[in-house]
Amino acid sequence: MANFNPTSSTPLRVLSITVVVIGIATFSIGFDLLFIQGTFTKMINDYLHFVVWFNFFSGIVYLIAGYGIWHLKPWAVYLSLLIVVFSLIVLTALSVHMFTDGQFRGWQIAEMGLKVLIWSLILMSISKKFRLKGWIWNH
């Protein structure tokens with residue numbers, strides 16, 4: 001179990017709200033690109049489908065992570081770790097695709113890199129707050 005003082009939870013509350021807002025935005029953009037008949041759908045051929053699908057599903061996972069952070073659930077740390085790992089996998093696949101002369105959008109690489117950075121910072125922040133044993137940066 002986590003050794004956590006709920007009275008100092010204001011930074012985590014702000015972080016959880018931020019995560020939920022990012023989750024809503026990520027899910028909405030993915031949903032628009034995949035399902036809405038409009039400008040975005042016409043442009044989807046310019047995007048890598050696996051990145052769009054990843055963004056769509058990761059938006060849902062961000063909402064779950066935001067809930068876990070808000071309710072001070074230790075599993076939110078492990079979920080954040082999974083987000084970082086899968087974001088790195090997709091970024092690696094995107095890089096391989098790019099270097100093998102595949103079509104890509106430059107902003108997708110920047111977006112995935114930023115996603116890895118942001119979620120790594122979130123992971124470090126909440127793992128320190130929850131003081132879970134076994135984490136390298138908690139010693």
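Helices are DSSP runs of H or I, at least four residues in length, numbered from the N terminus. The model described here is predicted.

The chain contains 5 helices and 0 strands. Along the sequence the pattern reads α-α-α-α-α. Of its 139 residues, 37% are buried. Among contacts with a separation of 6 or more, 70% join residues 24 or more positions apart.

A nonpolar patch lies on the surface. Its members are F31, F35, I36, W53, F57, I60, I64, Y67, W75 and Y78. Together these residues have about 940 Å² of accessible area. Three helices each provide at least two residues of the patch: α1 (10–35), α3 (49–70) and α4 (75–99). The greatest contribution is that of α3, with 5 residues. The relative accessibility of I36 is 37%, so the residue counts as partly exposed. Patch residues must have over 30% relative accessible area, and I36 has 37%.

L34 is located in helix α1. Its relative accessibility is 17%, and L34 therefore counts as buried. The C-alpha atoms of L34 and H49 are 8.9 Å apart. In sequence, L34 and H49 are separated by 15 residues.

The largest pocket holds about 270 Å³ of space. Its lining comprises 16 residues, of which I22, T26, N55, E111 and K115 are the closest to the pocket centre. The elements giving two or more residues to this lining are α1, α3 and α5 (106–130). The largest share, 7 residues, comes from α5.

Two of the residues closest to the pocket centre, E111 and K115, are also joined by a salt bridge between their side chains. The N to O distance is 3.2 Å. The structure holds 1 salt bridge. E111 and K115 are 4 residues apart in helix α5, so about one helical turn separates them. The two partners fall into separate accessibility classes. E111 is partly exposed because its relative accessibility is 21%, and the cut-off for buried is under 20%. K115 has a relative accessible area of 7% and is therefore buried.

K115 also touches S58. S58 lies in helix α3. Leaving aside residues up to four places away in sequence, S58 touches T26 and K115. Both T26 and K115 are among the residues closest to the centre of the largest pocket. S58 counts as buried because its relative accessibility is 6%.

The loop between α3 and α4 contains L72. Phi of L72 is near 55°, a positive value in a residue other than glycine. Most residues other than glycine have a negative phi. The relative accessibility of L72 is 19%. L72 therefore counts as buried, since the class covers values under 20%.

Definitions and conventions:
Residues are numbered from 1 along each chain as its sequence is written. This is a predicted model: local features need pLDDT of at least 70, side-chain atom pairs count only at pLDDT 80 or more; totals for chains, interfaces and linings use all residues. Side-chain values use heavy atoms; hydrogens and water are left out. Patches are made of residues with over 30% relative accessible area and no salt bridge: like charges are joined within 9 Å, nonpolar side chains (Val, Leu, Ile, Met, Phe, Trp, Tyr) within 5 Å. Accessible areas come from the Shrake-Rupley method with a 1.4 Å probe; for residues, only the protein chains shown count as cover. A salt bridge is a side-chain nitrogen of Lys or Arg within 4 Å of a carboxyl oxygen of Asp or Glu. Buried means under 20% relative accessible area, exposed over 50%, partly exposed in between (1.4 Å probe, protein chains only). Contact means heavy atoms within 4.5 Å. On a 1 Å grid over the protein atoms alone, a cavity is a set of points where a 1.4 Å probe fits but cannot get out, and a pocket is an open set with protein on both sides within 12 Å along at least five of seven lines; lining residues have an atom within 4 Å of a point. Grid points are joined across faces, edges and corners, and a volume is the space filled by probe spheres set on the points.
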